[in-house]
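Q: Please show me, step by step, how to read the features of a protein model.
A: Gladly; let us look at it together.

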Amino acid sequence: MILKCIANKGSDLQPYQKGLFYTTETRFDLIIGKSYEAYAMALISASLTVLVADEYDNPAWLPLELFEVEDSRLPADWEFAKGEAAINTPMPGELVCQARWGYKEVVRHDAHYYGLEERDPEALNAFNEERARRRRD
């Protein structure tokens with residue numbers, strides 16, 4: 001799936017998005033008009049996020065609202081899993097993953113999914129290996 005950036009500031013998001021993830025002062029490391037490949041998607045507290053490599057080549061889970069869909073085809077090897085919200089009832093106001101789909105590590109391994117946000121070296125290596133594999137295919 002290829003996404004074209006149409007916004008890169010928290011002030012561009014709808015109020016429900018800002019309350020969950022970002023403030024009006026947030027700046028995303030994206031270039032408006034540039035295309036980004038989506039490596040995964042996650043439904044977080046009823047908001048759809050996409051995993052892209054930002055302008056610093058870092059994995060970033062970002063609201064889909066920052067993009068328009070240029071190419072909606074999903075890779076044939078993507079997988080799907082229910083998130084922890086499907087297993088445990090979340091506390092009011094708690095941000096929880098309800099579902100995620102994408103390459104196998106991000107779907108099958110909670111540690112990898114959270115490790116991307118925490119910049120865990122093992123998770124970053126796996127993400128970069130996935131990016132390299134996609135370039136070869």
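**Reading a predicted model**

Q: Which residues does H112 touch, not counting residues up to four places away in sequence?
A: H112 touches Y103, E105, V106, A123, A126 and F127. Contact here means heavy atoms within 4.5 Å. Before we go on, remember that this is a predicted model, where local features need pLDDT of at least 70 and side-chain atom pairs count only at pLDDT 80 or more, while totals for chains, interfaces and linings use all residues. Residues are numbered from 1 along each chain as its sequence is written, and side-chain values use heavy atoms, leaving out hydrogens and water.

Q: Where is H112, and is it buried or exposed?
A: H112 has its place in helix α3. Its relative accessible area is 8%, so H112 is buried (buried means under 20% relative accessible area, exposed over 50%, partly exposed in between, with a 1.4 Å probe and protein chains only). Of the 137 residues of the protein chain, 42% count as buried.

Q: How many helices and strands does the protein chain have?
A: There are four helices and eight strands. Both are DSSP runs numbered from the N terminus: helices are H or I with at least four residues, strands are E with at least two. Along the sequence, the pattern reads β-α-β-β-β-β-β-β-β-α-α-α.

Q: How do helices α3 and α4 cross?
A: Two packed helices are described by the angle between their axes and the distance between the axes. In this model, the axes of α3 (residues 110-118) and α4 (residues 121-136) come within 8 Å and cross at roughly 100 degrees. That makes α3 roughly perpendicular to α4. The axes are lines fitted to C-alpha atoms over the stretch in contact, with angles from 0 to 180 degrees between N-to-C directions; under 35 degrees counts as roughly parallel, over 145 as roughly antiparallel, 65 to 115 as roughly perpendicular and the rest as oblique.

Q: Which residues meet there?
A: From α3 come H112, G115 and L116, and they meet A123, L124, A126 and F127 of α4. By class, this contact has five nonpolar, two polar and no charged residues (Ala, Val, Leu, Ile, Met, Phe, Trp, Tyr, Cys and Pro count as nonpolar, Asp, Glu, Lys and Arg as charged, and the others, Gly among them, as polar).

Q: How many aromatic pairs are there?
A: A pair of aromatic rings is described by the distance of the centres and the angle of the planes. This structure holds five such pairs. Rings of Phe, Tyr and Trp (its six-membered ring) pair if their centres lie within 6.5 Å; planes under 30 degrees apart count as stacked, over 60 as edge-to-face and the rest as tilted. One of the pairs is F80 with W101, which is tilted, at 5.6 Å centre to centre and 40 degrees between the planes. It links distant parts of the chain, with F80 in strand β7 (residues 79-82) and W101 in strand β8 (residues 97-102), 21 residues apart. F80 is exposed at 55% relative accessible area, whereas W101 counts as buried at 19%.

Q: What links W61, Y113 and Y114, and what lies over the face of Y113?
A: Ring pairs link W61, Y113 and Y114 into a cluster. Over the face of Y113 lies R100, at 4.6 Å from the ring centre (a charge sits over a ring if NZ of Lys or CZ of Arg is within 6 Å of the ring centre and within 35 degrees of the ring normal).
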